[in-house]
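Dear colleague,

I am passing on the structure we spoke about, with some notes on its helices to follow. Please have it open while you read them.

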Amino acid sequence: PSSSPGTGFDYGINVHLFGQDGPPIAQAVNDLGFHWVKHQVRWHEIEPQKGEYVWSEIDRLARTCQDANLYLLVSVVTSPDWARNTTEAEGPPANYQDFWNFLAAMAERYDGDGDRDAPDSPRIHAYEIWNEQNLRREWCCDGLNAARYVELLRGAYQTLKSIDPRVIVVSGAPTPTGTNDGVNAIDDRIYLQQMYDAGLRGVCDAIGVHPSGFANPPDALFTGGDYDPTRGWDDHPFFFFRNTMEDYHNIIVRNGDNKKLWATEFGWPTVDGMGVGPSPGYEFSADINEQQQADYLVRAYTWSRNWGHAGAMFLWNLNFWPTTGPENEMAKYGIVRGDWSPRPAYTALKNMPK
């Protein structure tokens, strides 16, 4: 990859590297033929006390990616307790400037310009600002509010660009939800339009999206009714990867914008071969087998590449089975087994024409 990536289509994957041996993880991404790594950065872990930073794991993550010639996207989430008026759930800081100050310190350390950098001057190439902020559990307890989120994003965008103009800023991906009570969740399509109403177009470089497929094929288009009467999780557009991608693109176009959609998480879970049952709320992970998971992931990448409106597409995920154990809901989406042997999806993605 070149030193400064663009926002166009590319292959990415979510990894868990903190506390893990980095080079084998990076080697697996290279082996897949992918160019981007995404990793979550939890602000409360990095700045546990105001102005006191614990950079060691991000240093190692960024250097591991640099050594492997991989681009790095970080998703920055979760305020420290000192920055909030409540310790309930996760949520934005009471004073947004605290978050912007944290981003400024991070951007300065990972802008690769040789001044006040981490050892070896590794770069962070892209930042996703927050995550699923249309849900109360991620945006507590400020009241769900797209305009307030865009205010947080605007300051983040200005802060990051002032330090590293090359950096890509991705808007936080809402989560598809059929719930729209305004308290626990706002429908993601409605929320995205509210973000545009608040000025989204001018404060990001790409639009984050989490196009969950549940157990439905990636190229299936829900048009109403019950897609498959033999199972659930299929009677609403938000259960369908393609509907979410196309609905978001239509909203982008309606607002006079032409940005690419960065799917910062997408995938298909399966408990096939895991020796455990589905996690509560993820019962659909029993509805597809490992071979279908492989097939759906290849079809999702192929559809996205051909569609023309997708940017970097980050598979969820590489290695959460070995890092969390098989019971965790995240492990079901993984493409390597607990012993790091490849699931069929890993092999299929490696062999997929890029």
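**Helix packing**

The crossing of H6 and H7 is right-handed. In this predicted model, the axes of helix H6 (residues 188–197) and helix H7 (residues 241–254) come within 10 Å and cross at roughly 25°; since angles under 35 degrees count as roughly parallel, H6 and H7 are therefore roughly parallel to each other. On the H6 side the contact is made by Asp188, Arg189, Leu192, Gln193 and Tyr196, and on the H7 side by Asn243, Thr244, Asp247, Tyr248, Ile251, Ile252 and Arg254. By class, the residues of this contact are five nonpolar, three polar and four charged.

A second pair is helix H8 (residues 290–307) and helix H10 (residues 344–351), whose axes come within 8 Å and cross at roughly 30°, which makes H8 roughly parallel to H10. Their crossing is right-handed, and the contact joins Glu290, Gln291, Gln293, Ala294, Leu297, Val298 and Tyr301 of H8 to Pro344, Ala345, Ala348 and Leu349 of H10. Eight of these residues are nonpolar, two are polar and one is charged.

Helix H3 (residues 56–67) has 12 residues, which at 1.5 Å a residue should span 16 Å, and this agrees with its end C-alpha atoms, which are 16 Å apart. Its buried residues are Ile58, Asp59, Leu61, Ala62, Thr64 and Cys65, and what covers them includes helix H1 (22–32), strand E2 (36–42), helix H2 (43–46), strand E3 (71–77) and helix H4 (96–109). After H3 comes Asn69, whose phi is positive, near 60°.

Notes. Residues numbered from 1 in each chain as written. Predicted model: local features only at pLDDT ≥ 70, side-chain atom pairs only at ≥ 80, totals over all residues. Heavy atoms only, no water. Helix = DSSP H or I, 4+ residues; strand = E, 2+ residues; numbered from the N terminus. Expected span 1.5 Å × (residues − 1). Buried < 20%, exposed > 50% of the residue type's maximum accessible area, 1.4 Å probe, protein only. Contact = heavy atoms within 4.5 Å. Axes fitted to C-alpha atoms, helices over the stretch in contact; angles between N-to-C directions. Parallel < 35°, antiparallel > 145°, perpendicular 65-115°, else oblique. Left-handed = near helix turned anticlockwise from the far one by under 90°. Nonpolar A, V, L, I, M, F, W, Y, C, P; charged D, E, K, R; others polar.
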